[in-house]
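Please consult the sequence and the model alongside the text.

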Amino acid sequence: MKQDRSLTAPAAQMPANDRLMAAAYRGLSPLVQELRTVDEALEALLKVGDAEAEHAIRDLRRQIRAFEPSVTMIGQVKAGKTSLVNAMVGRPGLLPADINPWTSVITSLHVSPRIRESAQHARFRFFSEEEWSNLLSRGGRVGELARRAGADKELETVREQLEAMREKSRQRLGRSFEMLLGQEHDYGYVDAELVERYVCLGDEGEGEDGLDSGQGRFADITKSAELYLSQRGLVWPICVRDTPGVNDTFLVREQITVNAIRSSRVCVVVLSAHQALSTVDMALIRMIANIRARDVIIFVNRVDELADPAREIPEIRESIRATLKAQNGPTDAAILFGSAHWATNALAGELNTLGKASADALVNLAEHEVRGGLSEPNAEEVIWNLSGLPALGRAISERILQGEGRDMVEQAARAARNIARGLTASRSLAAERVAGVGTRAVAKGALGSEIDKILIGAEEELEAELGRLVDALDARLDGARRTFLTRATAALVKHLEENGDDKVWTYDPTGLRVLLRSGYQVFAAKSAKATSVVYDKTATALEALFRGTFELSDTAFALEPPPVPDAPPPVTLGQTIALDIKGNWWTRWWRRRRSYAAFAEEFSGMIDAEIAPMVAALKDEHAEVFRKAAHDGLQSFIAGQRRSLLAMAAQTEERLDELREKMAQDAEAREKSLENATALLAGLIRTEQKEQERHDA
């Protein structure tokens, strides 16, 4: 097989930066090997020479090459998250670490060993007119909450801030302001100055001159940044998403972060060693509480600023565990410690610029963690290891291997095995005709109709099953909403009866989130099972059609159903609602009620309006996403088998002399290629079973 740079490990001799990156992400090598095995099998199948299968084979190879596992970074303000992201991709200083809190940009760094330095590029997208107008006219999420709760003062403050933001943007962009909304800018290079222009607010007061220069010129209206970077130290492309955070004044950034987490299987929560984790970080805890614990990694940054990290790190770890337990967070999440500052210095090879306090902390930790301390000749690698980046890379790699990567290998291997079995059956059928064995002619039109019947029946069954489960989810979510409202209102009335209205009352919405999450998890489990049943039935029906149509034996042909898609995690439940916000507005809301009945009625209405968007999001942005993915998987599977069946039917219409000539051409080499592909793919079945057992455990 011709060696493909995208499927090979990095060379042994590398610059220091590449070598350190390779050490951090070498855990992805087993995934690369498995994807390479599938790719080699598909290349062998191309040599079998079936024109109808060629399209499916090439499409599958493109899917493998396009596979890009992603990691979403969220974190506290001033936790050093962006500096950590720069170190994770081997680019110290690329993203501005001191981003103004008004920016709402999510930055996706697509790092790959396939991209040449000269081919790096960037794309920046701006908010649309509708998104911008919604932000300005309604005040974003905080504006909605303030209006709903009657917090006029907070709402006016939000409006004033937004007006100042709009005026500042107009001063920067002049007449181009409206024209830029909804547009995007593309560049054939990437550097820190370019990135700062779009994601970091700079000096105010610039006019129209110099539109393409100036720090933060477009930051107010930039919605997302896509950076495509070369990184020779990686063995496979990955995407690292740096999110703007979850404590924005408008909560715009919170929604952006929620969307980013939903599209990633791995989430890294970055905390500061000085802040650890407290009830102030409830927005973070709420968000990660809705992600599977095995997909969450907590990285405590800035240990270089601790006076005695060897002693303090265990204390911080226990504190985080206790907070997560008390706040219903993912108590089993991995907790790692490190320093983006140390990693940056190691990558840059500037070990003399650590600073005295940082160097003292490094020596303190090294004395406990590294045999021989820092006296060894490879001090650069010792510092890199103490920075925590290799441990973080290993943790990310492990989760990709067990999650997104495993699913990709399973999907590709199943599809490739089905192609190989179809080709085997096709060549067997052709060989029988050439040998004079009687085979009946197959009408392609009639066969196509049979496939259509299977498709229609499978889609109807899948839609009926998922529709029933969506209805059940709707009922369960509505029940959870009513239960919560009843309990909360009853608690309010009891408080009023016992304390009157002089003492301000609050209520914890955690119970609501637990009820909603439970309802969604039941839906996700039952939907996956129902989809699996339909997929299995469809594979069995197509398998029977193959055998019956072409008179194949039970052992001559078998089909594997496609893998069932994953339901998105319900991260929407982590969004802020009115009861999460404690402040003056709530006190004023409490003070302006005139009767106990008014308390209960207005509270119930306000909270019901808060719950409605969460319930709608679980159905529209989660359940419906799964339903569409399930239908897409079914249709793609049947389309692939349709091509194979019709290609075999076409062979029964070919003239014998043409078929004989086709079979004779490189017959031995083609059979060998088919055998090699089958053997390679068979080896992955054991891998899938092993990974599934580990997943179940």
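Helix H4 (residues 81-88) lies across S1, strand S2 (106-112), S6, strand S7 (266-272) and strand S8 (296-301), and runs at about 155° to S1. The model is predicted: local features need pLDDT of at least 70, side-chain atom pairs count only at pLDDT 80 or more, and totals for chains, interfaces and linings use all residues. Residues are numbered from 1 along each chain as its sequence is written, and side-chain values use heavy atoms, with hydrogens and water left out. Helices (H or I, at least four residues) and strands (E, at least two) are DSSP runs, numbered from the N terminus.

- The axes of H4 and helix H16 (residues 389-402) come within 11 Å and cross at roughly 75°.
- H4 and H16 are therefore roughly perpendicular to each other (angles under 35 degrees count as roughly parallel, over 145 as roughly antiparallel, 65 to 115 as roughly perpendicular and the rest as oblique).
- Leu-84, Ala-87 and Met-88 of H4 meet Leu-389, Leu-392 and Ile-396 of H16 in this contact (heavy atoms within 4.5 Å).

**Sheet architecture**

- The open sheet has 9 strands in the order S4-S3-S5-S2-S6-S1-S7-S8-S9, with mixed pairing; two strands pair if DSSP finds at least two bridges between them.
- Strand S4 (184-187) and strand S9 (334-337) stand at the edges with a single partner strand each, so one side of each is left without a neighbour in the sheet.
- On average, neighbouring strands of this sheet are turned by 20° against each other, direction ignored.
- Strand S1 (residues 70-75) and strand S6 (residues 238-242) run parallel and are joined by 4 bridges, with Val-71 opposite Val-240 in S6.

**Strand S2**

- S2 runs parallel to S5, to which 7 bridges join it, and Ile-106 has Ser-224 in S5 as its bridge partner.
- With S6, S2 pairs in the antiparallel sense over 5 bridges, and Thr-107 has Asp-242 in S6 as its bridge partner.
- S2 is mostly covered, with 7 of its 7 residues buried (under 20% relative accessible area; exposed is over 50%, partly exposed in between, with a 1.4 Å probe and protein chains only).
- Ile-106, Ser-108, His-110 and Ser-112 point one way from S2, whereas Thr-107, Leu-109 and Val-111 point the other way.

**Aromatic contacts**

- The whole structure holds 13 aromatic pairs; rings of Phe, Tyr and Trp (its six-membered ring) pair if their centres lie within 6.5 Å, and planes under 30 degrees apart count as stacked, over 60 as edge-to-face and the rest as tilted.
- Phe-124 and Tyr-198 form a stacked pair, 4.0 Å centre to centre with 10° between the planes.
- This pair links Phe-124 in strand S3 to Tyr-198 in helix H9, 74 residues apart.
- Phe-124 is buried at a relative accessible area of 0%, and Tyr-198 counts as buried at 0% relative accessibility.
- Ring pairs link Phe-124, Phe-126, Tyr-187, Tyr-189, Tyr-198 and Phe-218 into a cluster.
- Arg-114 lies over the face of Trp-236, at 4.6 Å from the ring centre (NZ of Lys or CZ of Arg within 6 Å of the ring centre and within 35 degrees of the ring normal).

Technical notes: Axes fitted to C-alpha atoms, helices over the stretch in contact; angles between N-to-C directions.
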